[in-house]
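Trainee: I am new to this model. Could you take one part of it and go through that part closely?

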Amino acid sequence: QAAKAAVNYTPTKADYQKVYNRIAEIMDDAGEYDDGSYGPVLLRLAWHASGTYDKATNTGGSNYATMRFDPEALHAANAGLAVARGLMDQVKREFPWISYGDLWTLGGVAAVQEMGGPKIPWRPGRIDGYARDATPDGRLPDAAQGAGHVKEIFARMGFTDQEAVALCGAHALGRCHRDRSGYDGPWTFSPTTFTNDYYTLLFDESWVWKKWGGPKQLEDKKTRSLMMLPTDYVLTQDTHFKKHAKAYAADSALFFRDFSAAFARLLELGVPFAAAEPWEMRSLDEQK
Ligand code: DDH
């Protein structure tokens, strides 16, 4: 009877808050890693787990957490994410009852909130799937392409241009790695703080093509220490994208609000939730 009760135990919000807290602690244990936080790479894991969603066939997305399996783990877009999956495995050992999809998406929520971003409403409900549920290569955006490609990829997930532009603001965080994507450098001067700097820099700096042996990317003319991918730069070129990117550059609160809504939706694409309402998890600071 006791064993049966344990199997049927439904974790509560307090249980998920404990997982959130452990992720937040691990994020800060990064030491010499990158810019001193695992937050950006955990955010990228949550995004790549969710961004495989295809609205037309209702396949992909964070349910099933199929990036655990080859060949999806080996897709070029996912290079470097083994670091993030390894960190999440540490958390999974301590809280074995959580599904990988819930764990990885909660990691994205913790990353955004702990790095100073908006609250991201989140709820559990994803289940672990099998290798046969894995998605084909090519569903995530290719940084070398133009505005048409970016629109197509986000529309396939069911997003508008406005939501696509809001989601790209996540590039305020983290950096590109030569040994992962081939690209190199951070987008902003504060890659572990969630800001709207990605948009302000896009419009305020002069961006020139970097002269180097690597893939085509831009650098800021003034310091040559920041970068933009071709797909970032199109937000200043395409008229529809530009309208929203300008609005986010001018109004940080608007960006925070729209990012929260779009990112919460991204994490839920293709997940068949029961009726429960999403929760707001508390940041470590709020629990002091
Ligand atoms: Fe991104 N991204 N991303 N990205 N992304 C990279 C890094 C990070 C594209 C390409 C790259 C989003 C959209 C796009 C983050 C979050 C998000 C890198 C570098 C490439 C390349 C990887 C490496 O070398 O380590 C492209 C293309 C798009 C696009 O939309 C057209 C979105 C929507 C998000 C999100 O989170 C909502 C984050 C964070 C990083 C930094 C990772 C790190 O390790 O640092």
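Mentor: In helix H3, the buried residues are Gly-39, Pro-40, Val-41, Leu-42, Leu-43, Leu-45, Ala-46, Trp-47, His-48, Ala-49 and Ser-50. Buried means under 20% relative accessible area, exposed over 50%, and partly exposed in between, with a 1.4 Å probe and protein chains only. The model is predicted, so local features need pLDDT of at least 70 and side-chain atom pairs pLDDT 80 or more, while totals for chains, interfaces and linings use all residues. Residues are numbered from 1 along each chain as its sequence is written, and side-chain values use heavy atoms, without hydrogens and water.

Helices (H or I, at least four residues) and strands (E, at least two) are DSSP runs numbered from the N terminus. H3 covers residues 39-50. Because 11 of its 12 residues are buried, H3 is largely enclosed by the rest of the structure. The cover over those buried residues includes H2 (13-28), H4 (82-94), H5 (100-114), H6 (147-157) and H11.

Axes are lines fitted to C-alpha atoms, for helices over the stretch in contact (heavy atoms within 4.5 Å), with angles from 0 to 180 degrees between N-to-C directions.

Key: The expected span of a helix is 1.5 Å times one less than its number of residues.
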